[in-house]
Protein chains: 2
Amino acid sequence: MKTYQSMSKMELEQLKAELQAKYKDFQGKGLKLDMSRGKPSKEQLDLSMGMMDVLNSSTELVCEEGTDCRNYGILEGIQEARELLGQISEVPAENIIIYGNSSLNIMYDTISRSFTHGVMGYTPWCRLDKVKFLCPVPGYDRHFAITETFGIEMIPIPMTPNGPDMDLVEQYVSNDEAVKGIWCVPKYSNPQGITYSDETVRRFAHLTPAAPDFRLYWDNAYSVHHLYPDQQAFCLEILEECKKAGNPDLVYKFTSTSKISFPGSGVAAIAASENNLKDIKKQLKLQTIGHDKLNQLRHVRFFKNLDGIHEHMMKHADIMRPKFEAVEKVLDQELGGLGIGSYIKPLGGYFISFDALDGCAKAIVKMAKDAGVIMTDAGATYPYGLDPHDSNIRIAPSFPSPEDLALATDLFVLCVKLVSIDKILENK
Amino acid sequence: MKTYQSMSKMELEQLKAELQAKYKDFQGKGLKLDMSRGKPSKEQLDLSMGMMDVLNSSTELVCEEGTDCRNYGILEGIQEARELLGQISEVPAENIIIYGNSSLNIMYDTISRSFTHGVMGYTPWCRLDKVKFLCPVPGYDRHFAITETFGIEMIPIPMTPNGPDMDLVEQYVSNDEAVKGIWCVPKYSNPQGITYSDETVRRFAHLTPAAPDFRLYWDNAYSVHHLYPDQQAFCLEILEECKKAGNPDLVYKFTSTSKISFPGSGVAAIAASENNLKDIKKQLKLQTIGHDKLNQLRHVRFFKNLDGIHEHMMKHADIMRPKFEAVEKVLDQELGGLGIGSYIKPLGGYFISFDALDGCAKAIVKMAKDAGVIMTDAGATYPYGLDPHDSNIRIAPSFPSPEDLALATDLFVLCVKLVSIDKILENK
C-alpha cells in the first residue's frame, strides 16, 4: 500500500478523477443518513419497553422509606434510586442527589449556580473579572457551549491515549486561580472513546488548585456503556481517590440513564462529597420542591440493581457493536496505510473520533453533506468550534443500521480521499 | 356577641382561664396534624391513577408529529402537550414551551437566566447595582425565596380584594427602572384566594415600565382549581390583554399540572410572546436536549383536552370543598363577631388566609405547634419572612381529612383567642 503523500502529482490526479466519478454516483443515490448525534436506535429503546409496565394503577407507589411517590417531597430523590444511581456511579447512595431527566441540565445548573452564588461560600463567578475552564480536546460540544454562554474562557488541553495531558493540567490548575474547572469524560470519552488511566485519575485527585473553588466536572456519561463483554475498560473511582488524596470536595460527578433507558425520560444524578451536596441543596431547595419520584421508582423497579443494569447494557452492546464494526471495517479497508487519517478503536461509549490531515475536516464534512450524509460539524469537538488543525471529525454510529452505516462510511472515506488529495496537491 | 375589645379586664381574665383549661386538654391529646403546605391528599392523587395505565409496553409512543417520544428531541415539548397546557393557560399552543415537572423550577430558571444573561438583550441583572421586585402581600413564600436568593430587593405591595394595589404598582413600575418584575398569582391567589378583577388585569397590561426588561411573573397556579362548580372565578387572559395594550412582551405566564395530576410528576410550562420564547429558547437549548416527552404524552392521553381537565378538577373540588368548609365552619362559629380575626372565603385555590390582631400571628402559630398542629410559619407570606403587622397566617386545608381539619381548627381558634386576650390585656 502506497501512502498518498508518496504518490506523484500525476498519480494523485488520476486517482482523483476516478474518485470523483464514484462521488458523482453517490450524489445520484439521494442518500439521507445522519451520523451526527449520539442518539440511541429504536432497537435499543425497545429493550426498555418493560419499564412502561412496572408501574400501573394497581402498583403500590410508595417508596421504601414510606413516602407516597405521587406527592411532593424528598428533594434529594428516593433512597432506592439514590442506591441504583450510586451503583452506576460507583459511589455510596448518600453521595447522590437525583435530579430530573438530564445530566446536561445538572451540569448547566452547577455552572449557573457557581456563577450566581459561588461554590461553598467563595465569590460568585459573576463577580470575578475572569473565569477559565480547561477543556480536553477533542471533547463534547455541549460542555463547551455551557461554559461559553457564561463567558468563561476555555483553554484547550490535548488528549493523550491516557486522558488529558496532565502536565499541562497541573500547571494551569496550580498556578492560575482563575481556572475554576475542567470538563472530563473519564470513561469512553466523547468523542475518542479513551478511558483515563489510573495514573491520570490519581493525578487529578492530587491536584493542588490555586482556586479553592476549582472542581473537576466529571461527566461519567458512559460508565456502563461497553461494546465488548470481555473487554471492558476500568476507570478508578474519582470520589474515592479524591478522598484518599485529602481532596474530598474536589469533584462533581454526573451521570444519567439517558443512554440506558430512554433519552429524555431517564433519571440523572450528581455525586459529590457531603460538603458539596450540602452547598448544592441550599440552592436546590429554592429551585424545586422535588423531582419526578414516579420515574425514579419506575427505573428502580425495572432495573432492580447494578446486575440488572449490566445485563441490560450487554443487550445494548449487542446492538451497538455491529454498528461500530461496520464503520471501522470500512475505515480500515479503505484508509488503512494511506496516511490520510486515523482513529482509535473504541471499546465503549457512543463515538468514533477520526483525525484527517490538517486543514481537511471542514471540507470533508461539507462534501459528505453535499452527497446526503450528515456528520457532526467539523470543529464542534473544540471550544468555540475552532479546531486549530481543522482535522477532527466525530462519527456517531448509534442511530443508523449497520447497512446504512457501511454505506455512509463508504461515502465518508471517499470524501476523505478526495479532500486529502486536494490538500496534498496544494503542496506538491 | 360581644367583641373581645369591648370586654373588661376581669371578663377577659376569666375567659382566659377557661380557654387555658381547654388548651391543656388539647395538649393531652397528642395531636399530630399539619396545615402548613398546599399538598394534595391521597384521595386526590387516586383520581389520576388511570394515568399510570395509558402508556404501557404495547402503546404507540410516537407523538402526532411523528417523533418517537422515547428518544431525544423536541426542545419545546410535543405539540399535543403544548396544546393541552395552552388550553389550561388559555393561550395558543405556539405561545407555550413545556418544561419538566415543576413551574417553580421554571420561575427560578427565568429569574436565574435574567440574572446571568439578561432579558431579550438587556443588561444581565448581575451587572446592575440594584434590582427590585414588587411582591403583593400576603403572597407565596417560595416566590419570595427565589428573588431573595438573587439579592433582589423586594417591595411589598398590599393586596386588595381586586388584586394588588395598582396605584402603587403603577407608581413603582413607571418611575423606577430598577424594578424588573412583580410576582402575581392572578386567580385564587396564594394565600388569600383572591382573583384579580378585569380592571386590575387591564391596568397590568397597560403598565409603562421604566425598565424595558420589566416583566409580570404571572403564576397561573390555580387556573382550573375551583371549589364550587357554580361559582367559578374568571380572570382575564393576560397575554391577550398585553397584546391588545401594545405590550405583547410584558408577561411570563407559568402553569403546571402538579395540582391536577401528580405533584412532582406533572408537566409544567411557560407561556409568553414569540419574542420572549425566542429569547428563552436561545438559553434552553444549552440547558437540555429536551424534557420528558413520555410524561407529556401520558398527560395528553389521560386528560385528552380541556374538558377532561375540567371534569377531573370537579372531582378534586368534591374532595377539597368539605375540607375548606370544615375549617370555615369552625372559624365562623368560634370567631365570628369577636373582632379578633378575619378571613376571605375562597372560591378556589389551596389556602385560607387568616388575619389575626396585629402582633399575634407568631404567638398563635407557636401555640398551635406546642399542641401538635403545624401551620405555615407566621411571616412566611411576606418577603424576608417579615410581616410588619405580625398578623397573617396561611391555612392549608388540602391534605388532612375534614374531621382532622375540624379538630385542628378547634385548636387553632383556641390559640387565636388566648393570644388575642393577652394582646388586648397588654393595652388595658
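In chain B, Lys132(B) stands opposite Val179(B), the latter belonging to E6(B). This pair lies in a predicted model, and the strands concerned, E3 (residues 132-137) and E6 (residues 179-184) of chain B, run parallel to each other and are joined over three bridges. Both strands belong to an open sheet of eight strands in chain B, ordered E2-E9-E8-E7-E6-E3-E4-E5, in which the pairing is mixed. The edges of this sheet are formed by strand E2 (96-98) and strand E5 (163-164) of chain B, each of which pairs on one side only. Helix H3 (residues 79-89) of chain B is laid across E2, strand E8 (251-256) and strand E9 (268-271) of that chain, and its direction makes an angle of about 120° with E2(B).

Chain A contains 13 helices and 13 strands. The chain is divided into domain 1, which comprises 4-44 + 310-426, and domain 2, which comprises 61-304; the centres of domain 1 and domain 2 of chain A, taken over C-alpha atoms, are separated by 31 Å. The contact between these domains of chain A draws 25 residues from domain 1 and 29 residues from domain 2. On the side of domain 1 of chain A that touches domain 2, helix H11 (306-335) and strand E13 (392-395) of chain A are the elements that give two or more residues, with H11(A) providing the largest share, namely eight residues. By class, this side of domain 1 of chain A is made up of 15 nonpolar, seven polar and three charged residues.

Strand E13 of chain A is also part of an open, antiparallel sheet of three strands, with the order E10-E11-E13. Strand E10 (341-343) and E13 of chain A stand at the edges and have a single partner strand each, so that one side of each is left without a neighbour in the sheet. Ignoring direction, neighbouring strands of this sheet are turned against each other by 25° on average. The antiparallel pairing of E10(A) with strand E11 (residues 352-356) of chain A extends over three bridges, and Tyr343(A) is found opposite Phe354(A) of E11(A).

Helix packing was examined for H1 (residues 9-28) and H13 (residues 402-426) of chain A, whose axes come within 10 Å and cross at roughly 145°, the crossing being left-handed. Residues of H1(A) that meet H13(A) include Leu12(A), Leu15(A), Leu19(A), Tyr23(A) and Phe26(A), while those contributed by H13(A) include Leu411(A), Leu414(A), Leu418(A), Ile421(A) and Leu425(A). Charged side chains also take part, among them Lys9(A), Lys16(A) and Lys22(A) of H1(A) and Lys417(A) of H13(A), and the contact of H1(A) with H13(A) has eleven nonpolar, one polar and four charged residues. In chain B, helix H1 (residues 9-28) and helix H13 (residues 402-426) pack at an angle of about 145° with their axes 10 Å apart, and the crossing of H1(B) and H13(B) is left-handed.

Two local backbone features were noted in chain A. Val137(A) and Pro138(A) are joined by a cis peptide bond, with omega of about -5°, and Pro138(A) is located in the loop between strand E3 (132-137) and helix H5 (141-149) of chain A. Met120(A), a residue other than glycine, has a positive phi near 45° and lies in the loop that connects helix H4 (103-117) with E3 of chain A.

The contact between the two chains takes 44 residues from chain B and 44 residues from chain A. On the side of chain B that touches chain A, at least two residues each are supplied by helix H2 (42-46), helix H4 (103-117), helix H5 (141-149), helix H9 (274-287) and helix H10 (293-303) of chain B, and H4(B) gives the most, with six residues. The residues of this side of chain B divide into 18 nonpolar, 19 polar and seven charged.

How values were computed
Residues numbered from 1 in each chain as written. Chains lettered and ligands numbered in written order. Predicted model: local features only at pLDDT ≥ 70, side-chain atom pairs only at ≥ 80, totals over all residues. Contact = placed C-beta atoms within 7 Å. Helix = DSSP H or I, 4+ residues; strand = E, 2+ residues; numbered from the N terminus. Nonpolar A, V, L, I, M, F, W, Y, C, P; charged D, E, K, R; others polar. Domains from an automatic or database assignment. Axes fitted to C-alpha atoms, helices over the stretch in contact; angles between N-to-C directions. Left-handed = near helix turned anticlockwise from the far one by under 90°. Pairing = 2+ DSSP bridges.
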